[in-house]
Amino acid sequence: SAETEPADRVSVDAKGSLNGQAFTLTGSLPDFSPSAEAKREDDVSLKLAFKGIEAGLHGRLSQAAGGPTLTARLDVESQSIGDIQDLLKLARVAEGAGTLGLVLDGPLAKLAIGSAKLVIETADDRRYVAEGRIANIWSIEGIDVGFAATLVQPGTAKNRSGFDPAPRSIK
């Protein structure tokens with residue numbers, strides 16, 4: 001459901017399910033409808049919650065001659081990677097926690113991810129990090145991504161043999 005707050009805001013309060021998992025979506029955004037007496041720029045704030053997953057989008061939405069423009073941050077946190085796999089109907093092959101942070105910027109028709117960081121920490125103490133950016137998410141142009149992994153915690157494998165598998169960045 002969507003309810004209009006003050007004349008220039010739209011309130012969002014939705015409940016539903018995806019692949020059998022209940023979710024809620026709450027927040028507010030500017031009303032850019034032609035009849036609205038809205039500002040041409042205002043705050044946007046949305047929160048999405050699934051079992052084990054919380055996401056928040058916070059920033060500013062502008063209405064310009066070329067269409068809407070967004071400058072925002074999207075943060076997603078999950079205490080259970082297994083819950084994400086269940087939601088997507090994937091086999092549960094890993095357990096742990098993860099975070100995703102995206103900085104979104106540009107016209108909605110050509111939205112860019114100025115910076116992205118995904119961190120996954122598995123239940124068996126492995127850590128995976130991916131960082132990068134995408135110039136246009138709709139055409140997948142300008143992708144620049146780097147990866148790093150910690151497969152053995154520092155100090156746990158040293159001095160067991162002549163080989164030292166201490167964590168190294170992989171890029």
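How many aromatic pairs does a search of the whole structure find? The search finds 1 aromatic pair, where rings of Phe, Tyr and Trp (its six-membered ring) pair if their centres lie within 6.5 Å, and planes under 30 degrees apart count as stacked, over 60 as edge-to-face and the rest as tilted. The ring centres of Phe23 and Phe50 are 5.3 Å apart and the planes stand at 40 degrees, so this pair is tilted. Distant parts of the chain are linked by the pair, with Phe23 in strand S3 and Phe50 in strand S4, 27 residues apart. Phe50 has 15% relative accessibility and therefore counts as buried (buried means under 20% relative accessible area, exposed over 50%, partly exposed in between; 1.4 Å probe, protein chains only).

The model is predicted, so that local features need pLDDT of at least 70 and side-chain atom pairs count only at pLDDT 80 or more, while totals for chains, interfaces and linings use all residues. Residues are numbered from 1 along each chain as its sequence is written, and side-chain values use heavy atoms, with hydrogens and water left out.

Helices (H or I, at least four residues) and strands (E, at least two) are DSSP runs, numbered from the N terminus; two strands pair if DSSP finds at least two bridges between them. Strands S2 (residues 9-18) and S3 (residues 21-30) are paired in the antiparallel sense over 10 bridges. In this pairing, Val10 stands opposite Leu29 in S3. The hairpin of S2 and S3 has 2 residues between the strands, and Asn19 takes a positive phi near 50 degrees there. S3 is also joined to strand S4 (residues 41-50) by 6 bridges, and these two strands run antiparallel. Thr26 faces Lys47 in S4, standing opposite that residue.

Ile84 belongs to helix H1 (residues 81-87). With a relative accessible area of 30%, Ile84 is partly exposed. Its contacts (heavy atoms within 4.5 Å), leaving aside neighbours within four places in sequence, are with Ile53 and Ser78. A C-alpha separation of 8.6 Å is found between Ile84 and Lys51, which are 33 residues apart along the chain.

A nonpolar surface patch is formed by Ile140, Ile143, Val145 and Phe147, which together have about 390 Å² of accessible area. Patches are made of residues with over 30% relative accessible area and no salt bridge, like charges being joined within 9 Å and nonpolar side chains (Val, Leu, Ile, Met, Phe, Trp, Tyr) within 5 Å. A salt bridge is a side-chain nitrogen of Lys or Arg within 4 Å of a carboxyl oxygen of Asp or Glu.

Notes:
Areas by Shrake-Rupley, 256 points an atom, 1.4 Å probe, with all protein chains shown as cover.
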